[in-house]
Amino acid sequence: MSAAPILEARGLVKRYGHVVALRGADLELYPNEILAIIGDNGAGKSTLIKALSGALQPDEGEIRLDGESVHFRTPRDARGAGIETVYQDLAVAPALDIAANIFLGREARRRGVLGRILRMLDQGAMRREATRHFAELKIGVQSIAQPVEDLSGGQRQGVAVARAAAWARRLVIMDEPTAALGVKETGQVLDLIRRVRERGLPVILISHDMPNVFELADRIQIMRLGRRVAVVTPATHSMAEAVAIMTGATQVENDR
Amino acid sequence: MTTTTERAATAPGRTYAILDAGRRVLATPTVGPFLALVLTMAFFSVKTDRFLQTENLSLVLQQTLVVGVLAIGQTLVILTAGIDLSVGTVMALGQILMTKLAVVGGVPALPSLLLGILTCLGLGVLNGGLVTLVRLPPFIVTLGTFNIAFALTHVVSNDVTFTGLPSTLLFFGRTFRIAGASVTYGVVFMLALYALAWFALRQTAWGRHVYAVGDNREAARLTGIHTGRILLSVYALAGLTSGLAAMLLVGRTEVGDPNAGQTTENLDSITAVVLGGTSLFGGRGTIVGTLIGALIVGIFRNGLTLIGVDVIYQYLVTGILVILAVSVDQLTHRRRA
């Protein structure tokens with residue numbers, strides 16, 4: 001990887017009282033890649049991701065976006081900087097329709113007096129935009145005006161991914177996006193993650209599912225005890241080797 | 001041969017289209033409440049000739065007025081999966097303040113109205129603040145406010161009924177004639193409020209966010225919605241609509257009555273919302289449904305009186321009605337989940 005990283009984290013530390021969740025964690029995300037993060041429970045994956053998405057603030061360390069130091073105090077700050085996050089627990093509003101979910105919190109208003117003074121929504125434009133995003137990501141649904149609760153679990157996560165892809169300008173973070181899904185639906189979401197990358201957005205993917213990680217990721221960052229212990233690729237390492245590093249059975253000399 | 005294959009190919013498609021259209025009509029949230037309204041009207045028109053007379057129907061509208069306006073604020077609160085048990089007594093307090101200020105305090109009519117409405121708004125803001133900032137359950141907060149407003153109503157009024165109100169205070173009780181029926185300005189005001197609430201809920205981002213907060217609060221928060229502000233706004237608006245209902249009540253009864261609004265109005269407003277198809281679990285419902293629900297409640301009260309049912313049995317019937325409506329809500333919700 002010769003290009004400069006889009007996102008870079010250096011020496012992140014996060015303590016909760018006596019518990020140290022991150023002890024100097026690093027990360028680099030390069031353009032156009034899917035970077036998977038794996039690690040045992042308590043390895044610091046979630047804490048690292050939360051620091052990158054603004055859900056918590058690290059006690060020490062630095063996060064750089066396009067080379068510039070950033071400090072996210074809330075998820076809103078991270079979103080403002082072009083970082084979108086997809087959560088495992090299907091963070092959608094089930095009674096609202098697909099278009100409403102895609103635009104939730106960022107609704108488009110009509111032009112002119114209707115929008116400025118009456119604050120009227122431009123439902124037509126939002127539906128057209130949502131339809132376009134769904135077509136680009138090849139997510140099949142009957143109608144963009146369907147309530148999300150009528151969709152399957154995979155389609156619902158599709159709504160969440162489409163929302164992230166629609167608004168992310170720099171990168172998308174996916175925190176266990178397939179954990180709540182069945183086998184077939186997981187496959188649909190994995191295809192979707194590839195298409196997000198094809199649209200030019202790099203992806204950070206946290207997953208427990210080794211086969212999926214090895215199928216999808218360009219590089220795999222292995223976390224252990226709050227640190228990055230290795231970065232491997234599916235070409236250079238087998239699944240068993242990755243698991244051995246993850247559990248500490250194999251010691252790695254340097255942290256690359 | 002070709003015709004049979006064609007028929008075989010098109011018939012299922014057509015049947016599906018018809019079924020689908022039927023399903024879509026039934027899925028329209030206001031269809032159920034509307035059928036209930038028609039059934040209720042049919043029942044009372046069979047029971048008594050007087051029910052469908054124009055004068056009686058315009059009476060029903062006037063009787064629906066107060067609960068109808070309270071139910072607007074109640075709808076907003078219930079859409080966020082909350083509840084406001086204080087709307088009735090807050091309205092009672094507003095009504096007593098308006099009339100006492102105007103009659104005893106010598107305050108001009110408009111400032112009296114405004115002070116009464118602002119007091120109700122203030123109590124709504126108090127409800128919303130406690131729910132949002134102190135994170136207390138809406139049920140307990142508004143039950144507390146219910147008692148506070150109840151006590152203040154009696155303290156402020158000294159249990160005196162205020163009469164001889166200035167005519168400005170009675171404006172919304174005045175009538176005009178349209179198509180042979182007399183309609184009060186209060187009814188027009190109520191319908192205008194419903195139109196406004198419809199627009200805000202359906203056509204603005206704020207309305208979307210009200211639904212989203214009740215539907216999945218965490219998801220709403222994660223998409224960047226200020227959920228606290230939305231909650232505060234719905235309780236504040238419930239306070240405001242209580243104040244507006246107080247103004248309409250004064251126009252209708254032409255007195256400031258310390259015992260008004262303290263028995264049936266709270267539960268009736270909730271009944272209207274639930275009969276209108278809004279879920280107590282939040283996130284689902286329509287303001288048009290609430291208007292229909294309020295009409296059903298009004299028709300029940302009016303019709304039961306017409307056919308000579310004792311007031312105590314009216315309580316009984318409306319109690320059963322609200323439990324029925326809530327049960328339907330619970331059952332459909334469970335099937336969805």
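I began with B:Asp159 in this predicted model, and I found the residue in the loop of chain B that runs between helix H6 (138-157) and strand S1 (175-178). I then looked up its backbone angle and noted that phi of B:Asp159 is positive, about 60°, although the residue is not a glycine.

I placed B:Glu254 in the loop of chain B between helix H10 (227-253) and helix H11 (265-275). For its surroundings I noted 16 C-beta neighbours inside 10 Å, so B:Glu254 counts as partly exposed, since that class lies between the limit of 12 or fewer for exposed and that of 20 or more for buried.

My last entry concerns the contact between the two chains, to which chain B brings 18 residues and chain A brings 18 residues. Which elements give two or more residues to the side of chain B that touches chain A? I listed helix H8 (205-215) and helix H9 (217-222) of chain B, and I noted that H8(B) gives the most to this side, with five residues. Sorting the side of chain B that touches chain A by class, I wrote down seven nonpolar, six polar and five charged residues.

Notes. Residues are numbered from 1 along each chain as its sequence is written. Chains are lettered from A and ligands numbered from 1 in the order in which they are written. This is a predicted model: local features need pLDDT of at least 70, side-chain atom pairs count only at pLDDT 80 or more; totals for chains, interfaces and linings use all residues. Helices (H or I, at least four residues) and strands (E, at least two) are DSSP runs, numbered from the N terminus. Two residues are in contact if their C-beta atoms, placed from the backbone, lie within 7 Å. Ala, Val, Leu, Ile, Met, Phe, Trp, Tyr, Cys and Pro count as nonpolar, Asp, Glu, Lys and Arg as charged, and the others, Gly among them, as polar.
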